[in-house]
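Here are my notes, in numbered points. Please read them with the model open.

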Amino acid sequence: MARDYSLQTIKLLFGRSNRCAYPECSEQLVFSDRDLLTVAVQIAHIRSETPRGPRHDPDYEEDVDGEANLLLLCGKHHKHVDDHASAYSTEELLTWKQQQVAQGTGIDLSDNELRQILQRLAATMPFSPRMRSRAETLDNAHRELHGRRAARLKLFVPPHRRDEVLAWMTALDDPVVTVPTGNVRVLVASLGAGKSEQANRWWEQGLREAESADDVDVPLFFTARMVAHGLQDAIVAKLGADPHLNCRVVVDELDGVPTSEAQNLLHEARTLVHAWPQVSVLACTRPGLALAEEERIDVPAWSPDRGAALVSLVLGEPAPHHLWTAETSTLLTNPLTSLALAAQVRAGRNIRISRTRLLADLATQAACVPGQDVPDETWEDLASLAVVLLEPPHVAKSTLFRLPRVQRLIATGLVVENSGELTFALPVFEQYFGAEAIASDSVDLATAAAPRSFPRWRYALAVAVSSAPTPARQEELLLRLAKINPAALFWIMGEVSTCDLGPLTFHTDTEISAVIQRRDVNGVNTEPNLALRAGRWLREAETALLEGLGPLAKSLVRHHDGRPARWGIWLQNGWATLARARDAEGGPEVTPLTEPWPPRPHNWQSVTGFTFPAHDFGRWHIAQQTLQKQLATAIQRRTLSVPKDSWLARERTYDLAKFVHTFDNGRGHSTPIDVAEIRERVSAWEERAAGTVRSTWSGTGRNVDVDSDDIRWLSSQLALETNDLLLPPWPEGDLVRPRATWTWELYSPKLTLALAEIMVREALVGYRQLVEQNFPAFGDALGLYGMFPVRAEVLVMRFTDTEVDSPDVRLAVLPDNSTSDFESAAVVSTLVTGLQDPAYGDWCRRIRHVPRNAFNPIDLGNIDHPIWDSNAATTLAYRWLRRDLAALGWHTER
């Protein structure tokens with residue numbers, strides 16, 4: 001391995017020999033012919049300094065780059081000796097060195113010749129970070145840190161204010177995050193919330209430790225794109241060897257790569273800290289990744305006072321009083337938007353704008369240098385560069401553009417070049433010019449907003465929406481987004497909209513008419529009746545979202561002939577009433593109501609009232625609230641679509657049939673149910689439900705009522721039943737204990753283990769079916785589904801001593817790379833029957849060597865839903881689904 005050898009070391013080596021040390025070779029290594037110097041030497045290490053290197057000796061205390069540990073060889077024999085290190089011992093190479101020196105073939109080289117040799121060696125041998133001294137490495141690290149901080153301030157802060165702002169940032173007394181050695185932690189916050197600076201502070205703390213202790217490695221800092229092809233290789237390349245000292249590693253901007261790649265990087269980091277327990281990893285990402293609770297560190301928001309202090313520091317004077325509004329106070333809780341506000345004030349621009357619009361303005365401010373015009377071609381190149389960086393493999397070589405164009409890109413201050421690659425100076429610029437690419441149709445909206453690519457493009461899409469040239473163009477984008485990816489629309493509204501639906505604000509008819517006219521895309525405004533116009537306006541948004549939700553839509557909103565049921569609308573003085581039809585009827589999709597609260601005859605399913613949302617994103621907020629509420633209800637009631645012959649359908653069928661069977665007689669036991677009898681009873685209940693808007697039946701022990709939709713579903717399931725008896729999905733206990741207090745006491749350890757294994761297997765299959773039946777376009781964005789195919793490790797602690805508490809079930813769900821079978825799930829179960837059972841230790845050791853991830857291990861403990869209950873697999877499958885949907889912002893986990 002090459003080193004930055006001193007002139008003195010080279011002089012000593014060649015002063016003692018100029019022949020290859022390999023026996024019987026004696027090739028001349030440096031010679032001059034016709035006044036031209038030829039260098040044929042390679043310098044070998046007798047003992048490698050790296051643990052995996054040839055002939056490594058951990059007890060060797062001398063300088064590994066000193067003359068005593070170096071051997072002059074020709075290129076052929078250097079490679080041979082190192083490639084077959086086991087065949088050439090340290091002792092043998094030391095003997096060669098003695099023989100080489102004894103030959104007396106040394107030469108006296110001039111300083112000029114020594115420098116030529118060093119240059120030739122540097123040109124022909126690869127560079128390694130280990131060539132640097134520790135002092136040089138520490139000095140480089142300090143410069144790196146200063147450079148990262150200064151680069152983020154360059155575009156916001158005038159040159160004469162930067163040192164003061166940097167000093168202020170360094171002096172902040174925020175506690176440094178804690179990452180235990182051998183662990184992975186992830187900082188989570190929105191764009192510009194200070195994740196990178198928190199990581200810098202932790203990294204800087206590690207740098208100070210490295211300065212004061214030789215047994216600590218200099219910390220490493222990467223972006224996710226730098227290590228997307230392998231974190232381990234990047235660490236080894238940066239260190240020049242495997243880490244064998246305590247070492248801190250930062251992986252910034254996980255959100256800069258696709259979700260699957262970010263999860264893979266985290267998976268590799270978890271594996272890496274098991275292999276190198278002296279390493280700790282801190283990553284940074286925006287919300288959206290599925291993370292284990294103990295790994296996640298949420299970055300707290302700043303106080304508005306701190307943001308105002310930073311603005312004053314940048315401006316060199318107290319922050320203007322007009323900054324203190326409700327809107328700008330929110331912007332002051334984020335470091336990036338505080339800096340953007342300061343830049344906006346310095347430029348004399350309006351500060352009463354949305355967060356997304358504020359950040360978008362940064363790019364144009366940074367690029368607009370007084371006296372210089374940015375050519376249109378350069379703006380187009382910036383958009384093209386953004387597209388290349390936002391799409392895999394996220395690398396833009398400088399050769400992407402001709403040299404003059406590259407120079408113009410760099411001259412804007414928005415782009416930097418490093419090692420032949422182009423990147424934007426800040427992630428926000430990449431997203432802004434991504435938005436420019438969307439606006440110019442350089443990239444297809446459907447591609448950017450698709451569930452798989454949306455995490456990369458989300459801020460670009462938000463900028464595209466907020467900076468749309470007209471309200472109608474903005475509405476057109478929202479309608480298209482709703483049909484492509486409703487989750488994208490929900491997230492974008494949170495970024496670009498500041499409307500609050502909480503307080504009652506009654507708008508006049510004129511205001512309502514004006515907002516519809518301003519944002520009309522499809523001719524709704526031609527309807528003379530304002531109530532009908534408003535109803536169609538609201539329905540258009542909900543219908544677009546339902547189209548984007550695909551098969552899930554029918555579980556959320558009643559449909560007839562493939563279309564959402566008819567609406568009735570009443571509007572007066574800003575108050576609206578919306579009624580939804582129950583039965584299939586002909587006629588228009590929206591009809592006027594004659595009174596604000598009509599009696600609910602059988603043709604109206606529901607009636608709701610609200611203040612009409614006469615603001616730019618109002619109809620989208622109404623539609624979002626409605627559909628997310630319906631989704632939460634469907635999850636709570638467990639009524640999402642599953643295959644009719646699935647285990648989850650079987651559990652629901654038996655549960656409902658048992659309820660009907662025992663409705664008049666209290667809660668019954670799990671017994672076979674006569675199918676003919678239950679069909680007759682269900683038919684009678686259907687007749688009763690037919691004459692009502694919604695019938696419900698309540699029963700002891702049920703968290704939710706049974707309603708008429710449940711009964712209709714049960715009737716359709718019973719029509720498929722070919723057996724005379726409907727059997728419970730889970731068996732009765734196999735033990736006879738007359739004095740048993742708890743149900744679990746009736747189950748032997750062996751049967752408990754079998755039931756736990758079936759429950760986990762069917763829950764995993766059921767979860768997969770829930771995703772594929774209801775969220776087919778979004779599976780890649782769901783954490784557990786993205787791990788399939790999977791293997792489950794189940795531990796059941798069921799002690800034979802009945803005085804011990806109920807069974808303890810623990811579960812680890814792991815990716816299974818040995819199969820491509822998505823249909824089923826492999827389950828490995830282990831039973832522990834006593835405190836001294838060695839099976840428990842075996843299970844723990846097996847799981848300990850598996851890299852942790854968001855679903856591993858899932859400690860079910862004394863699970864709140866017994867494994868012998870008739871809905872055990874359903875409960876677990878819906879628990880996983882709720883968790884995944886909560887990570888996407890579709891559902892609030894409860």
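1. Start with a buried pair. Arg637 is buried, and Asp707 is buried as well. This is a predicted model, and the points below should be read as such. The two residues form a salt bridge, with 3.4 Å between the closest N and O atoms. Arg637 belongs to helix 24 (residues 618-637) and Asp707 to strand 20 (residues 706-707), so the contact ties together parts that are 70 residues apart in sequence.

2. How many salt bridges does the structure hold? The count is 38. As background, side chains of opposite charge can pair when their charged atoms come close. Another pair to look at is Arg408 with Glu377, where the closest N and O atoms are 2.8 Å apart. Arg408 sits in helix 15 (residues 403-411) and Glu377 in helix 14 (residues 376-390), so this bridge ties together parts 31 residues apart in sequence. Arg408 counts as partly exposed, at 31% relative accessibility. Glu377 is partly exposed too, with a relative accessible area of 32%.

3. Arg473 counts as buried, at 19% relative accessibility. The cut-off for that class is under 20%. Glu476, at 32%, counts as partly exposed.

4. Salt bridges also join into a network. Its members are Glu475, Arg518, Arg519, Glu540, Asp616 and Arg619. I would display these six side chains together.

5. Is helix 22 enclosed or open to the outside? Of its 20 residues, 17 are buried, so helix 22 is largely enclosed by the rest of the structure.

6. Check both ends of helix 22. At the start, a side-chain oxygen of Asn529 comes to within 2.9 Å of the backbone nitrogen of Ala531. Just after the helix, Gly550 has a positive phi of about 65°.

7. Five strands make an open sheet in the order 6-7-8-5-9, and the pairing is parallel. Strand 6 (220-223) and strand 9 (296-298) are the edges; each has a single partner strand, so one side of each is left without a neighbour in the sheet. From one strand to the next, the twist averages 20°. Strand 5 (residues 184-188) pairs with strand 9 in the parallel sense over three bridges. Within that pairing, Leu187 stands opposite Ile297 of strand 9.

8. Follow the chain out of strand 9. The loop between strand 9 and helix 10 (304-315) contains Ala301. Ala301 counts as exposed, at 63% relative accessibility. Which residue is 33 positions away in sequence from Ala301, yet 6.3 Å away in space? That residue is Asn334, with the distance taken from C-alpha to C-alpha.

9. Four strands form an open sheet with the order 16-14-15-17 and mixed pairing. Strand 16 (590-592) and strand 17 (604-611) are at the edges, and each pairs on one side only. The twist here averages 25° from one strand to the next. Strand 15 (residues 575-581) and strand 17 run antiparallel to each other and share seven bridges. In strand 17, Trp604 is the bridge partner of Ala581.

10. Last, the cysteines. The structure holds zero disulfides. What is the closest cysteine sulfur to that of Cys25? It belongs to Cys20, at 3.8 Å, which is too far for a bond; the cut-off for a disulfide is 2.5 Å. Cys25 counts as partly exposed, at 22% relative accessibility. Cys247 counts as buried, at 2%.

Definitions and conventions
Residues numbered from 1 in each chain as written. Predicted model: local features only at pLDDT ≥ 70, side-chain atom pairs only at ≥ 80, totals over all residues. Heavy atoms only, no water. Pairing = 2+ DSSP bridges. Helix = DSSP H or I, 4+ residues; strand = E, 2+ residues; numbered from the N terminus. Axes fitted to C-alpha atoms, helices over the stretch in contact; angles between N-to-C directions. Buried < 20%, exposed > 50% of the residue type's maximum accessible area, 1.4 Å probe, protein only. Polar contact = N/O pair within 3.5 Å; in protein donor to acceptor, adjacent residues only side chain to side chain. Salt bridge = Lys/Arg side-chain N within 4 Å of Asp/Glu carboxyl O.
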